[in-house]
Amino acid sequence: MLRPACCADAQIVDKIDRTVFGYKTDLDYPKVLKQGWSFIFEVDGKNVAHIIVSGTRRLFIESLAVMKRYRGRGFAHALRKFFSNFLKTSKQMTLVRKVIEFGMTIKLVVEDGNSIAFHLYEKNGFQSFGDPIKNYFYGKDGIKMVLNHP
């Protein structure tokens with residue numbers, strides 16, 4: 001089941017990120033969950049994946065994480081696809097729908113060496129751009145990626 005996340009889900013999202021990434025991210029979860037658009041994937045009552053997106057004219061995927069045990073089952077792809085469809089159809093997001101009509105950019109940063117995530121995004125139309133960001137992920141570099149919608 002895919003459900004919207006809210007501020008009360010901050011601990012759940014933090015736990016998923018800590019488990020997936022092995023460290024606490026520097027995201028202010030209550031703030032990001034309140035200001036952005038976020039969804040959590042549940043399987044058999046367990047929270048196994050999430051996506052957090054912020055921005056208006058340029059959307060930034062703050063976090064997309066899938067628990068290791070559930071990788072390779074299409075959750076990340078389903079989250080990204082669901083989110084794109086959500087933006088296109090949500091009556092509550094007229095500003096975002098207008099942005100989509102006139103062209104939209106989604107940006108993210110992938111941890112250098114995370115080939116699974118890099119190839120997932122590449123397969124879904126993202127392209128790397130610019131120089132890597134040094135020490136973006138607790139000493140690891142980050143690769144900037146972008147998806148442009150016409």
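Two strands are said to pair if DSSP finds at least two bridges between them. In this predicted model, strand β2 (residues 37-43) meets that criterion with β3, to which seven bridges join it, and the two run antiparallel. Within this pairing, Trp37 stands opposite Val53 in β3. The two strands form a hairpin with two residues between them, and Asp44 in the turn has a positive phi of about 50°. Strand β3 (residues 46-54) is mostly covered, with seven of its nine residues buried.

Attention now turns to helix α1. Helix α1 (residues 10-21) has twelve residues, which at 1.5 Å a residue should span 16 Å; the end C-alpha atoms are 16 Å apart, in agreement with that expectation. Its buried residues are Ala10, Val13, Asp14, Ile16, Asp17 and Val20. They lie on the same side of α1, because they cover an arc of only 160° around the axis. An α-helix has 3.6 residues a turn, so residues three or four places apart point the same way. On the other side of α1, Gln11 and Lys15 are exposed. After the helix comes Gly22, with a positive phi near 80°.

The cysteines remain to be considered. A search of the whole structure finds zero disulfides. Cys6 is in no disulfide, and the nearest cysteine sulfur, that of Cys7, is 6.6 Å away. A disulfide requires the two sulfur atoms to be within 2.5 Å, and the sulfur of Cys7, at 6.6 Å from that of Cys6, is therefore too far for a bond. Cys6 counts as partly exposed, at 39% relative accessibility, and Cys7 also counts as partly exposed, at 36%.

Conventions
Residues numbered from 1 in each chain as written. Predicted model: local features only at pLDDT ≥ 70, side-chain atom pairs only at ≥ 80, totals over all residues. Heavy atoms only, no water. Buried < 20%, exposed > 50% of the residue type's maximum accessible area, 1.4 Å probe, protein only. Helix = DSSP H or I, 4+ residues; strand = E, 2+ residues; numbered from the N terminus. Expected span 1.5 Å × (residues − 1). Arc of directions from axis to C-beta.
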